[in-house]
Amino acid sequence: MTIFARRARASAGRMHPELSLVSYTLLSHLEEHDGRRATDLAAHYALDKSTVSRQVAALERAGLIERRLDPDDHRVQVLHLTEAGREILAQVTRSRRAAFHERLANWPEEDLVRFAAYLERYNAGPDETGSA
């Protein structure tokens, strides 16, 4: 798992120099949920608020996200992707898919099916016994 995580971090940097794995993850979440508060991101990913704050500041400086007032509560700012953020996210997503396709192209179908099932099981979280 450590090697898997290291490769993921390294590949994110190769795909776009401004986009760390954490940045890519946050952008993907904002796209999927059409905006979120920074505190929502911190809670969802179990990250310290200061960590998210630094990431958000860097993404804002890069012009990839913007803050908008929440229409229901003008005291709250919601983070949204900019058009540049959407373009970079799409570019990185295409690059990641191409890299996965290249890496898995020669795997037999039954191995791909098993691998996908294992990833789904892993991503589902703890099993019924409570272990991870």
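Helices (DSSP runs of H or I, at least four residues) and strands (DSSP runs of E, at least two) are numbered from the N terminus. On that basis, the elements of the protein chain run α-α-α-α-β-β-α-α from the N terminus on, which comes to six helices and two strands. This is a predicted model, in which local features need pLDDT of at least 70 and side-chain atom pairs count only at pLDDT 80 or more, while totals for chains, interfaces and linings use all residues. Residues are numbered from 1 along each chain as its sequence is written, and side-chain values use heavy atoms, with hydrogens and water left out.

**The chain as a whole**

- Of the 132 residues in the protein chain, 25% are buried, where buried means under 20% relative accessible area, exposed over 50% and partly exposed in between, with a 1.4 Å probe and protein chains only.
- Among the contacts (heavy atoms within 4.5 Å) in the protein chain with a separation of 6 or more, 46% are accounted for by residues 24 or more positions apart.

**Helix α2 on its own**

- Helix α2 has 13 residues and reaches 18 Å from its first C-alpha to its last, close to the 18 Å expected at 1.5 Å a residue; the expected span is 1.5 Å times one less than the number of residues.
- After α2 comes Asp34, whose phi is positive, near 50°.

**Buried residues of α2**

- The buried residues in α2 are Ser23, Tyr24, Leu26, Leu27, His29 and Leu30, and what covers the buried residues of this helix includes α3 (38-45), α4 (49-61), β1 (65-70), β2 (73-81) and α5.
- Ser23 has a relative accessible area of 4%, and, leaving aside its neighbours within four places in sequence, Ser23 is in contact with Gln55 and Leu59.

**How α2 packs against α5**

- Helix α2 (residues 21-33) and helix α5 (residues 83-104) pack at an angle of about 115°, with their axes 10 Å apart; the axes are lines fitted to C-alpha atoms over the stretch in contact, and angles run from 0 to 180 degrees between N-to-C directions.
- That angle makes α2 roughly perpendicular to α5, a term that covers 65 to 115 degrees, whereas under 35 counts as roughly parallel, over 145 as roughly antiparallel and the rest as oblique.
- On the α2 side Leu21, Tyr24, Leu27, Ser28 and Glu31 take part, and they meet Arg86, Leu89, Val92, Thr93 and Arg96 in α5.
- The residues of this contact of α2 with α5 divide into five nonpolar, two polar and three charged.

Methods
Nonpolar A, V, L, I, M, F, W, Y, C, P; charged D, E, K, R; others polar.
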